[in-house]
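Hi,

Here is the structure I promised to pass on.

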Amino acid sequence: MSVRTINGNRLFWKITTVFTCLLIVLGIVFVIIASTFSRSYYTSAHQELYGNIAQHLATFTQPFKDGKPDTSVTHDIIHSTMVANPSVEVYLLDTAGNIKDYVVPDKTVQMHQVNINLVKKWIAASGKQRPMGDNPKQPGEPSIFSAAPVYEKGRLVGYVYAVLASEKQKAILQALDNNLYLRLASIMFYAALVVAFIVGIVTFFLITDSICRIAGVVKRFKEGDYTARIEGYAKGNLGMLTTTFNDMADVIVDNIDKISATDKFRQELIANISHDLRTPLSIMQGYVETLMIKKDQLLPQDKEKYLAIVYDSNRKLSLLVDQLFQYAKLEANLIKPEKEAFHISELAADIMMSYQLKADEKGITLNLEAPDNLSLVFADLSLTDRVLQNLLDNAFKFTPAGGAITIVLIEANAGVKVSITDTGIGISPEELTHIFERYKQIHPRSSGKGMGIGLAIVKKILELHQATIEAFSEPGKGTTFVFELQRA
């Protein structure tokens, strides 16, 4: 038996048990309500059927004579009435409610006075609003009764008081009620089982059918169909399950795409690193081997030349490794900018001065344009220095001899705008959109010029400062990079 079948059977029995318990509870409530209404119906019916018996006895028997019960006349009539209707018990009351006569065994009578106010209220009330009265044989248990005043020569001398629900009647009703409870309970129990079984089967198949459809979609997704989505359930718990799965599937597909893209970038990185690190390593190895093999044959000036080449290659290699570590830290969010207020014009002037010797060697003119009253910026000084140096290095790579590199600083709405312009070979519009991508090299502009990671570092640093960088270029006419730093 499969796990799915076991779980399905458990679900079926859970549903059946819940419905069975619910219907049993409803059955018990129904039995209680039916019993209550049955008693109420019986009381009302008995009151209506025998409510006038006291009036008949008072009218036709003349139960009082000279203000006292006339037992010689009334006992036979009252006894005959009780024999004909055993549920009736007849008492004669005086005007204060004291019991003066009755035809029942004396031992069973527990009270010798009834509440005369209830008697008067009963007489004055209409048929459906009559109160319950005292039962002399069962004190404290209200009972339905019939009452009528007795007059002698126009004077009220007492009352006929007839209890319409005797002990015998209550015993019979109790037996009937017990039988009724048992029958109703049995019928409701078996009806509940049948209904619960039917409802359980229907509900089970409705739910499991939906679950099977959902499971089918999940299985398709598991087997590689990443377009599989659950449809058709918008509400309830299944709707929540549908939304959750679909959202999860979208996230998984998005993560898969990101992982694929990351893997592609990793392959590009490995290829670029292999190429860019191999070049200086190969140069150093070649010249070191030459120095080792021909150390006695080389002229001093040749040795110095070879050592200078080795040193330059080592410096380039160190720069590449430094860039890799810098970008790795930025990608991992390990670098937090420590912002402070400073003059970016002074920082730019210091950097231009450090690049002046390199510019003279390559025949490139460096220019700095900045107003005297330029505002201070609020940024990380060392990271801003790295941004300017990377942009200058990029400009030097692609600016030929006789060209110019210019840094312009101007006031902007929210800070200071920085632009670095070169008169190099430029970038085509198609390639311009990719220059800030990590490890991306634009050919032929950057062929042999490095890993293409410098501009990616610039972009990441500016993102840490909630700033963006834009590039404007035209092939053969140079390139301009523009960004803005927050004013202090």
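Predicted model: local features only at pLDDT ≥ 70, side-chain atom pairs only at ≥ 80, totals over all residues.

At 84% relative accessibility, Lys153 counts as exposed. Lys153 sits in the loop between β5 (145-152) and β6 (155-163), and its phi is near 55°, a positive value in a residue that is not glycine. Most residues other than glycine have a negative phi. Gln466 also has a positive phi, near 55°. Its place is the loop between α12 (454-464) and β12 (469-474), and with 64% relative accessibility Gln466 counts as exposed.

**A buried aspartate**

Asp422 belongs to strand β11 (residues 415-422) and is buried, its relative accessible area being 2%. A polar atom of the Asp422 side chain lies 2.8 Å from the backbone nitrogen of Gly424.

**Salt bridges**

The whole structure has 10 salt bridges; here are some of them.

- Asp250 and Arg229 meet through their side chains at 2.8 Å, N to O. The pair links distant parts of the chain, with Asp250 in helix α6 (residues 236-293) and Arg229 in the loop between α5 (167-222) and α6, 21 residues apart. Asp250 is partly exposed at 40% relative accessibility, and Arg229 is partly exposed at 23%.
- Asp393 pairs with Lys358, the closest N and O atoms being 4.0 Å apart. Asp393 is in helix α10 (residues 381-398) and Lys358 in helix α9 (residues 356-362), so this bridge ties together parts 35 residues apart in sequence.
- Asp94 bridges to Lys100 at 3.8 Å between the closest N and O atoms. Asp94 is buried at 15%, whereas Lys100 is partly exposed at 48%.

Best wishes

Notes:
Residues numbered from 1 in each chain as written. Heavy atoms only, no water. Helix = DSSP H or I, 4+ residues; strand = E, 2+ residues; numbered from the N terminus. Buried < 20%, exposed > 50% of the residue type's maximum accessible area, 1.4 Å probe, protein only. Polar contact = N/O pair within 3.5 Å; in protein donor to acceptor, adjacent residues only side chain to side chain.
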